[in-house]
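Open the model in your viewer with the sequence panel beside it. The stops below give a selection and then what is found there.

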Amino acid sequence: MIELSGVTKIYDHQVVVDDVTLSIPAGGVTSIIGANGAGKSTMLSMIARLLPSDAGSITVAGMDVSTVASDRLARHLAILRQENHMTMRLTVQDLVAFGRYPYSKGRLTPEDTFEIERHIQYFDLGGLRNRFIDQLSGGQRQRAYVAMVMAQDTEFVLLDEPLNNLDMKHSAHMMRLLRRAADDLGKTIVIVIHDINFASTYSDSIIAMKRGKIVAAGNSCDIMTTECLANIYDMDIRIIEVDGRRIGVYF
């Protein structure tokens, strides 16, 4: 479980994350939604200790992220940031191997090699393993980065906008892979995502943020209502229903 208590982050006297208290259950897919500037990515970065909080506490699997040793945290939690810029020219296989660094420290063992290969195959990258990252399409590149994070083999996986720059086909493919990874590999996957249709289709739970605060949390049925979505996004939103099933939204 990931637990936040009274977590706050302030930039230039502006409160970006405002006294957030939250529990994210272990297992499954949790999506964090909300408008730009709601504090989603900042909250994710604080959970991963990429940013310090200005107040409050955060624990992952009972570990205080502000004090736990980095190598210990890296064996429990992995994060893919929104922007990924590699200065080195790497192949797909080299990139995925980076996910094993908390274990190998750069010296790969047979177990590391097994995990690298397992995740290359899991994310359908076998035919691309020797291709350089800068030679891949956007969808292929994003799959390679997610495979790297998954190869870290942690219980908790944080993904900041993994659908960024992907078209509908590749977005759907990515969400199916993440859903399958949560179910097959027993991962707790937390995603910052803008597409509420994908969030409602593939998530076990949804957390909604607005102006740094949690304004709603629950399963898809709790969040996918006209009243709740209108409050989150400050706009008129309608639910599309077919035969009594909610299948999407329109604006």
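## Start at Ser-45

Select Ser-45, which counts as buried because its relative accessibility is 14%; buried means under 20% relative accessible area, exposed over 50% and partly exposed in between, with a 1.4 Å probe and protein chains only. The model is a predicted one, in which local features need pLDDT of at least 70 and side-chain atom pairs count only at pLDDT 80 or more, while totals for chains, interfaces and linings use all residues. Residues are numbered from 1 along each chain as its sequence is written, and side-chain values use heavy atoms, with hydrogens and water left out.

Ser-45 lies in helix 1. Helices (H or I, at least four residues) and strands (E, at least two) are DSSP runs, numbered from the N terminus. Not counting residues up to four places away in sequence, Ser-45 touches Leu-50 and Leu-51, where contact means heavy atoms within 4.5 Å.

Now select residues 40-47, which are helix 1, together with strand 4 (55-60). Helix 1 lies across strand 1, strand 2 and strand 4, and runs at about 120 degrees to strand 1. Axes are lines fitted to C-alpha atoms, for helices over the stretch in contact, and angles run from 0 to 180 degrees between N-to-C directions.

Which order do the strands of this open sheet follow? The order of the 4 strands is 2-1-4-5, with antiparallel pairing. Its edge strands are strand 2 (14-24) and strand 5 (63-64), each pairing on one side only. Two strands pair if DSSP finds at least two bridges between them.

Select residues 2-11 for strand 1, which is joined to strand 2 by 7 bridges in the antiparallel sense. Within that pair, Lys-9 stands opposite Val-17 of strand 2.

The next open sheet has 6 strands in the order 6-7-8-3-9-10, and its pairing is mixed. Strand 6 and strand 10 (213-218) are the edge strands, each pairing on one side only. From one strand to the next, the twist averages 15 degrees. Helix 1 packs on this sheet too, touching strand 3 (28-33), strand 6, strand 7, strand 8, strand 9 and strand 10. The direction of helix 1 makes about 150 degrees with that of strand 7.

Select residues 156-160, strand 7: 5 of the 5 residues are buried, so strand 7 is largely enclosed by the rest of the structure. Phe-156, Leu-158 and Asp-160 point one way from strand 7, and Val-157 and Leu-159 point the other way. In a regular strand the side chains alternate between the two faces of the sheet.

Strand 6 (residues 77-80) runs parallel to strand 7 and is joined to it by 4 bridges, with Leu-77 opposite Phe-156. Strand 8 (residues 188-192) pairs with strand 7 in the parallel sense over 5 bridges, and there Phe-156 has Thr-188 as its bridge partner.

Move to strand 9 (residues 205-210), which pairs with strand 10 in the antiparallel sense over 5 bridges. Ile-207 stands opposite Ala-217 in strand 10.

## Helix 6 and helix 7

Helix 6 lies across strand 6, strand 7 and strand 8, running at about 170 degrees to strand 6. Select residues 138-151 for helix 6 and residues 168-185 for helix 7: they pack at an angle of about 15 degrees, with their axes 10 Å apart. Helix 6 and helix 7 are therefore roughly parallel to each other; angles under 35 degrees count as roughly parallel, over 145 as roughly antiparallel, 65 to 115 as roughly perpendicular and the rest as oblique.

Show side chains at the contact. Helix 6 contributes Gly-139, Gln-142, Arg-143, Val-146 and Met-150, and helix 7 contributes His-170, His-173, Met-174, Leu-177, Leu-178 and Ala-181.

## Two loop residues

Select Asp-124, in the loop between helix 5 (110-122) and helix 6. Asp-124 has a positive phi of about 55 degrees although it is not a glycine, and it is exposed, with a relative accessible area of 54%.

Then select Asp-153, in the loop between helix 6 and strand 7. Phi of Asp-153 is also positive, near 55 degrees, in a residue other than glycine. Asp-153 counts as partly exposed at 31% relative accessibility.

## Last stop: the cysteines

Cys-221 is exposed, with a relative accessible area of 55%, whereas Cys-228 is buried, at 16%.
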